[in-house]
Every structure is written in structure tokens, then in C-alpha cells.
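Here's a walk through one protein structure, from a pair of loops to the core and the pocket. Take a look at it first, then read on.

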Amino acid sequence: MCKWQDNSPNWFNECSWADTSYPTWVYNHGTSGRGVTIYRYINYSSPIGACVTKGKQVTLAGSYLIGSHAWNC
């Protein structure tokens, strides 16, 4: 599991398994109330699905890597 408090433009530099494992879910444990957008590529390119709001979990296909995320929705 990896977790962040801020935006991350490059998961591959910040999470030990991000460039080798396909995540199957994302959960927003946020404290600010903001939602998070996850992206397939680094530098916030190619959003995956809709905004993950606070307290929500999204199940992913498990067939692609995640490159970045931003607390922007």
C-alpha cells in the first residue's frame, strides 16, 4: 500500500511497487474533503474514471499501472 497527502506527479518515483504491480482499487482516506483524480501516466495525463470522493473506494480493472494523482475535484 502507498499513501499520499499531496499531489503526486510520478508514482513510479514515490511508491516501491508502482512500476511493477497493477493496483486493483483506490480508496480516498482524505482529510480535506477534496476528491482525488487518478491518472494512467505521470504528470497527470489520461485520467482514469471519475473523481474518487472522500471515504469512497473505486475498484480498478487491475490491468494497467497508475502514474500520478491529484487532489483536484
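Set aside the neighbours up to four places away in sequence, and Tyr22 is in contact with Gly62, Ser63, Tyr64 and Leu65 (contact means heavy atoms within 4.5 Å). Tyr22 sits in the loop between α1 (11–14) and β1. Helices here are DSSP runs of H or I with at least four residues, strands are E runs with at least two, and both are numbered from the N terminus. With 48% relative accessibility, Tyr22 counts as partly exposed; the scheme calls a residue buried under 20% relative accessible area, exposed over 50% and partly exposed in between, using a 1.4 Å probe and protein chains only.

Now for the other side. Gly62 belongs to the loop between β4 (57–59) and β5 (68–70), and at 23% relative accessibility it is partly exposed too. Again leaving out neighbours within four places in sequence, Gly62 is in contact with Tyr22, Pro23 and Thr24. Tyr22 and Gly62 are 40 residues apart in sequence, yet their C-alpha atoms are 5.1 Å apart in space. For Gly62 and Ser21, the figures are 41 residues in sequence and 8.7 Å from C-alpha to C-alpha.

## What kind of model this is

This is a predicted model, in which local features need pLDDT of at least 70 and side-chain atom pairs count only at pLDDT 80 or more, while totals for chains, interfaces and linings use all residues. Residues are numbered from 1 along each chain as its sequence is written, and side-chain values use heavy atoms, with hydrogens and water left out.

## The overall picture

The protein has one helix and five strands, and along the sequence they come in the order α-β-β-β-β-β. The radius of gyration is 11 Å, close to the 11 Å that the globule rule gives for 73 residues, so the protein is as compact as a globular protein of that length. That radius is taken over C-alpha atoms, and the rule is 2.2 Å times the number of residues to the power 0.38.

Along the principal axes, the C-alpha atoms fill a box of roughly 30 × 20 × 20 Å. Buried residues make up 33% of the 73 residues. Take the contacts with a separation of 6 or more: 71% of them are between residues 24 or more positions apart.

## The core

Which residues make up the largest nonpolar core? There are nine: Trp11, Cys15, Ala18, Val26, Ile38, Ile48, Leu60, Tyr64 and Ile66. A nonpolar core is a set of buried Ala, Val, Leu, Ile, Met, Phe, Trp, Tyr and Cys residues joined through side-chain atoms within 4.5 Å. In soluble globular proteins, nonpolar side chains tend to be buried together.

Not counting residues up to four places away in sequence, Val26 touches Ile38, Lys56, Gln57, Val58, Leu60 and Ile66.

## The largest pocket

The largest pocket has a volume of about 660 Å³. It is lined by 22 residues, of which Cys2, Lys3, Trp4, Tyr27 and His29 lie nearest its centre. Two elements give two or more residues to this lining, β1 (25–27) and β2 (36–41), and β1 supplies the largest share with three residues.

How is a pocket found? On a 1 Å grid over the protein atoms alone, it is an open set of points where a 1.4 Å probe fits, with protein on both sides within 12 Å along at least five of seven lines, and lining residues have an atom within 4 Å of a point.

Asn43 has a positive phi of about 60° although it is not a glycine, and so does Tyr44. Most residues other than glycine have a negative phi. Asn43 lies in the loop between β2 and β3 (45–52), and Tyr44 is found in the loop between β2 and β3 as well. At 53% relative accessibility Asn43 counts as exposed, whereas Tyr44, at 33%, is partly exposed.

Beyond residues up to four places away in sequence, Asn43 touches Pro9 and Ser68. With that same exclusion, Asn7 touches Tyr44, His69, Ala70 and Trp71. Asn7 lies in the segment before α1 and is partly exposed, with a relative accessible area of 40%.

Definitions and conventions:
Points joined across faces, edges and corners; volume = space filled by probe spheres on them.
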